[in-house]
Structures are given as structure tokens and as C-alpha cells.
Amino acid sequence: MAEVSYYTKEGLEKLKEELQYLKTTGRANIAKAIAEARDKGDLSENAEYDAAKEAQGLHEGKIAKLEEVLSNARLLDESKLDTSKVLALSIVKIKNLKNGATMSYQLVSETEADLKAGKISVTSPIAQGLLGKKVGEKTEITVPAGKIEFEILEISR
């Protein structure tokens, strides 16, 4: 049984666009590569043909995986989410109590995570330590570098 993942509207659209691209342009490019390799002669000793067929198999596997992810994807209605505590899709402003640095992260699904954009996966250690907490609460989170204590300053959508 596959795991259900929750997505923002943008994240779900991005997945659908990628699947559409793979099914159309991606498949066409691979078919062209196979045809070109086939035209080069004897298939039993044609490394280009073997490589193109292998690429086709990997491509179809990627399509199947993406279809599975989409079949288990759920769209979250951000307007109905509780902002009193940290949940998936929350934007959380936290303060590192050791060095005083403040950071803001949005908790998103694994496939939408992008640290440069301030989006971290709900399965990451920091997100796991923040889930369910309220403004003003302090939490100690174990990260690869050790334990860090954070205070939740603000929760928004």
C-alpha cells in the first residue's frame, strides 16, 4: 500500500505537468533514439540500440512511479487548516535559542521540498520536531549536527 502525500495546488500541478511531458515529449524522444539506432544495422551487436531500449525502460518506470504518486496525492485546502499549531503546509517562524538566529520554513511534502525557497519536507527532523507545537512553545530537535533548541515565534499559512 502506497503512502498518501499531501500537496499544495502548485505542487500537484507541477507533478501533473511533469507526467504529461514524460508521456508526450519524453516518449517521442526515446522512440526517435530507438529508430535511429535500429537504422544503424545489426541489432545483436548494436550498443546504441541496447542503450536506447534501456533508457526506454527507465523512462517507463519513471512514468509508472509518478502515476503512483499522483494516485495517492491529496490536495490540502489551506483555508480549512488550523493555524494555532504547526501542521503540514504551515509557515513557521522559529528562533534558534543557542545563537539567536530566526528562520522561516514552510512544511511541505517530500517532493515539494526546496530549502532555497524555504520549503522543508514534513518528514525532515526539524519538521518532525515542530509538528503539533504552538506559538511560544520551545522544542529540542535532534539534527545531524546534534541537538538544537528552537522557539516557535509565529505560525501562518
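Modeller: A salt bridge is a side-chain nitrogen of Lys or Arg within 4 Å of a carboxyl oxygen of Asp or Glu. The general idea is that side chains of opposite charge can pair when their charged atoms come close. This is a predicted model, in which local features need pLDDT of at least 70 and side-chain atom pairs count only at pLDDT 80 or more, while totals for chains, interfaces and linings use all residues. Residues are numbered from 1 along each chain as its sequence is written, and side-chain values use heavy atoms, with hydrogens and water left out.

Biologist: How many salt bridges does a search of the whole structure find?

Modeller: The search finds four salt bridges. Among them is the pair Glu 67 and Lys 23, whose side chains meet at 2.8 Å, N to O. Helices are DSSP runs of H or I with at least four residues, numbered from the N terminus. Because Glu 67 belongs to helix α2 (residues 47-71) and Lys 23 to helix α1, this pair ties together parts that are 44 residues apart in sequence.

Biologist: Which residue meets Arg 27 in a salt bridge?

Modeller: The partner is Glu 60, at 2.9 Å, N to O. Glu 60 is in helix α2 and Arg 27 in helix α1, 33 residues apart, and the pair links distant parts of the chain. Arg 27 has its place in helix α1, which covers residues 9-38. Contact means heavy atoms within 4.5 Å; leaving aside neighbours within four places in sequence, Arg 27 is in contact with Leu 22, His 59, Glu 60 and Ile 63. By contrast, Gly 41 is 14 residues from Arg 27 in sequence and 22 Å from Arg 27 in space, C-alpha to C-alpha.

Biologist: Are the residues of these pairs buried, partly exposed or exposed?

Modeller: Buried means under 20% relative accessible area, exposed over 50%, and partly exposed in between, with a 1.4 Å probe and protein chains only. Arg 27 is partly exposed at 33%, and Glu 60 is partly exposed at 30%. In the other pair, Glu 67 is partly exposed at 33% and Lys 23 is partly exposed at 32%.

Biologist: Which residue forms a salt bridge with Lys 40?

Modeller: That residue is Glu 48, and the two side chains meet at 3.0 Å, N to O. Here Glu 48 is partly exposed at 42%, whereas Lys 40 counts as exposed at 55%.

How values were computed. Helix = DSSP H or I, 4+ residues; strand = E, 2+ residues; numbered from the N terminus.
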